[in-house]
Amino acid sequence: MANQATGLTRIIKAAGYSYKGLSAAWQHEAAFRQELVATLLAIILAIWLDVGAIARILLIGSVALVMIVEILNSAIEAVVDRIGSEHHELSGRAKDMGSAAVSLAILLALFVWGSVLWQHFL
């Protein structure tokens, strides 16, 4: 069934769906809670550091990307789990690929933070 909402009503409904998604991630995903705490601390540190605007954007953006990828990974895992609990090669592959995406996002964030901090304290 197509969504018939338009304009401001559609935006308000979309905001409600987003809130429900964030709430579900907080309630059901320990990794999301851990990464959110780390992200908030990283954002505070990025604001506190005496770096330029571009460096600050890179620092905050890199940890925000980890959160985005974690939510997408959690969505993939929820869909796979809904389909069934029996082992299937494609289900395992989907979950593994989602996990790999989170790992790559974390590695990117570590690279960005390492590069900016290296330059800052050099």
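Which residues does the UniProt annotation "transmembrane region" cover? According to that unreviewed entry, the annotation covers residues 30-48, 54-76 and 97-118. UniProt positions follow the numbering used here, feature names are shortened, and annotations may be inferred rather than shown by experiment.

A word on the model: it is predicted, with local features needing pLDDT of at least 70 and side-chain atom pairs counting only at pLDDT 80 or more, while totals for chains, interfaces and linings use all residues. Residues are numbered from 1 along each chain as its sequence is written, and side-chain values use heavy atoms, leaving out hydrogens and water.

**Annotated spans**
- Residues 30-48 are 100% helix and 0% strand, and the end C-alpha atoms sit 27 Å apart. Helices (H or I, at least four residues) and strands (E, at least two) are DSSP runs, numbered from the N terminus.
- Residues 54-76 are likewise 100% helix and 0% strand, with 32 Å between the end C-alpha atoms.

**Helix packing**
- H1 (residues 7-28) and H2 (residues 30-48) have axes that come within 5 Å and cross at roughly 100 degrees. Axes are lines fitted to C-alpha atoms, for helices over the stretch in contact, and angles run from 0 to 180 degrees between N-to-C directions.
- H1 and H2 are therefore roughly perpendicular to each other (65 to 115 degrees; under 35 is roughly parallel, over 145 roughly antiparallel, the rest oblique).
- On the H1 side, Leu22, Ala25, Trp26, Gln27 and His28 make the contact (heavy atoms within 4.5 Å), and H2 brings Ala30, Phe32, Arg33 and Leu36.
- By class, that H1 and H2 contact has 6 nonpolar, 2 polar and 1 charged residues. Nonpolar means Ala, Val, Leu, Ile, Met, Phe, Trp, Tyr, Cys and Pro; charged means Asp, Glu, Lys and Arg; the others, Gly among them, are polar.
- The axes of H3 and H4 come within 9 Å and cross at roughly 170 degrees, so H3 and H4 are roughly antiparallel to each other.
- The contact of H3 with H4 splits into 19 nonpolar, 5 polar and 4 charged residues.

**Annotated binding site**
- The unreviewed UniProt entry puts its "binding site" annotation on Glu29 and Glu77. They're spread over 49 residues of sequence but cluster in space, with a largest C-alpha distance of 10.4 Å.
- Glu29 is in the loop between H1 and H2, whereas Glu77 is in helix H3.
- Leaving aside residues up to four places away in sequence, Glu29 touches Ala24, Ser74 and Glu77.
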